[in-house]
Amino acid sequence: MSLSPTGALRHSGHLFAMALDVVRTLPRRPFQTREFIQQAWFVASVTILPTALVSIPFGAVIALQIGSLTRQLGAQSFAGAASVLAVLREASPIVTALLIAGAGGTAICADLGARKIRDEIDAMQVLGIDPIHRLVVPRVLASMLVAVLLNGLVSVVGVAGGYFFNVVLQNGTPGAYLASFTTLAQLSDLWAAEIKALVFGAIAAIVASYKGLTAKGGPKGVGDAVNQSVVITFMLLFVTNFVMTAVYFQVVPQRG
Amino acid sequence: MGVEICVEGLTKSFGHQVIWQDVSLTLPAGEVSVLLGPSGTGKSVFLKTLVGLLKPERGSITIQGRDLTRLREHELYEVRKLFGVLFQDGALFGSMNLYDNIAFPLREHTRKSESEIRRIVLEKMDMVGLIGAEGKLPGEISGGMRKRAGLARALVLDPEIILFDEPDSGLDPVRVAYLNQLIVDLNAQIDATFLIVTHDIASARQVPDNIGLLFRRELVMFGPRERLLASEEPVVRQFLNGRMQGPIGMAEEKDAAQVEQELAQLTEAPVVREPTPRLLPGPGIVRPPRWQAIARREAELHRREGADA
């Protein structure tokens, strides 16, 4: 990637153009069901375990912070409410974003990059097959599906972890913790988090595919592409997360 | 019958670097052409431009009355079905075994039944001598086998034009000879238009109807094999004889004075120039009229040579 401002603009343009191509190619038949299922399984298999392992300490950290904070403020009865809210609204989309970009996106980018430098992508185009339709669309959809499911997994594991740390380790009262679950959080929080995850999955897969398909310069080029794809995806995901959160607070009325 | 490719005024550059400019040539339908050139003169780029993988800055590529450089993406995918391309390392799909690789275009583009696909795939694998290796993965086989498998895959859709990107690179001389024979046999059998990009002089002397030479960002010459082999053009002579004296240097071209001096020294040495016999289709192949005419001409030449000696 060049450091000149026009170079950066050009890359953004190409990336956006590819995103549009993906959208345009989405309804084209025949849908690559086999590739989609394979990719969904593949992305899930590389992300599920790390996600579960990351979300336990993540839930625990939130529970510890909120546990001590609520004690200082004398609002122990709100410990459960606050930790559920934090996990559901912010922690789970962020963990999903990290994992889908760090584990899923890199795997997609490395796979496509290796194919690109071995001329497989060119060969495919010469055989009259559009790699966007055949390879990228199934990967984007698979990544979106898995991101949504991962977000659910992170929410459950995070809340359970929070419960365990608050109730068992900080001597919180189980009843109060559970009873306050729904005082602050509402169902639309979950929907918003799932929509975020859906968008994150799409962005991660599109950036990874773009970087993979434009890899050049041998094995080192693939390594560079993977590295850049993670960095770009992280930046995009955190910006997107901020924008979507801001919009969410404007659109959906809050409780309390 | 193959189709004609008409290239006119083609120019390609990456950024400010011009790869080649104003390349004009016509690949006659059904004939074998070879494009020669020192390493790094953009031969592979030329192939990729021909199939529309790279967009040229100027010029046109006309196939069946359509200009490839002006087609929209989906029209391009249609035209590409006329092409079969053998990439340098075969470009097989690493995740599939050879059988699935070769069956891939059929499964994607046709509604043929599995049994029919099996028949076609085995036929093409037999053609390139790969029977028995159906279940192997591309990573498990030698470079020569990968090339032949890539060729079989390029053949399954019965292309009208076949492009070869350095079919002889990385192969031993015996395998190169076999591959050249295979190319000639194929041309007699399927009658497609062939373009071979290479820097192997021996193949270039034996195989083609036409030879072209890319050098110094230009197509120096393109014409019938006999004309190029007999050419007095310094670049052509240097390249076909694989010697150091001449305009082609190690890294880039040399300056004019040095070239002149080298060539002056060279004229003192005797120039041996025997005509190279042309490679003909194997005995088991039914020769179409075009190849019968070539064989007759070759036999004539040899008789005359024999009489001279």
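**A tour of chains A and B**

Start by selecting strand 1 (residues 5–14) of chain B: seven bridges tie it to strand 2 of chain B, and the two run antiparallel. Helices (H or I, at least four residues) and strands (E, at least two) are DSSP runs, numbered from the N terminus, and two strands pair if DSSP finds at least two bridges between them. What you have open is a predicted model, where local features need pLDDT of at least 70, side-chain atom pairs count only at pLDDT 80 or more, and totals for chains, interfaces and linings use all residues. Residues are numbered from 1 along each chain as its sequence is written, while chains are lettered from A and ligands numbered from 1 in the order in which they are written.

Now click V7(B): its bridge partner in strand 2 of chain B is L25(B).

Next, bring up the whole sheet. Four strands of chain B make an open sheet, ordered 2-1-4-5, with antiparallel pairing. Strand 2 (17–27) and strand 5 (66–67) of chain B are at the edges with a single partner strand each, so one side of each has no neighbour in the sheet.

Stay on strand 2 of chain B and pick D22(B). D22(B) isn't a glycine, yet its phi is positive, about 55°. Is D22(B) buried, exposed or partly exposed? It is partly exposed, with 14 other C-beta atoms within 10 Å (buried means 20 or more other C-beta atoms within 10 Å of its own, exposed 12 or fewer, partly exposed in between, with C-beta atoms placed from the backbone).

Last stop: hop to chain A and select P30(A), in the loop between helix 1 (5–25) and helix 2 (33–73) of chain A. The peptide bond from R29(A) to P30(A) is cis, with omega near -5°.
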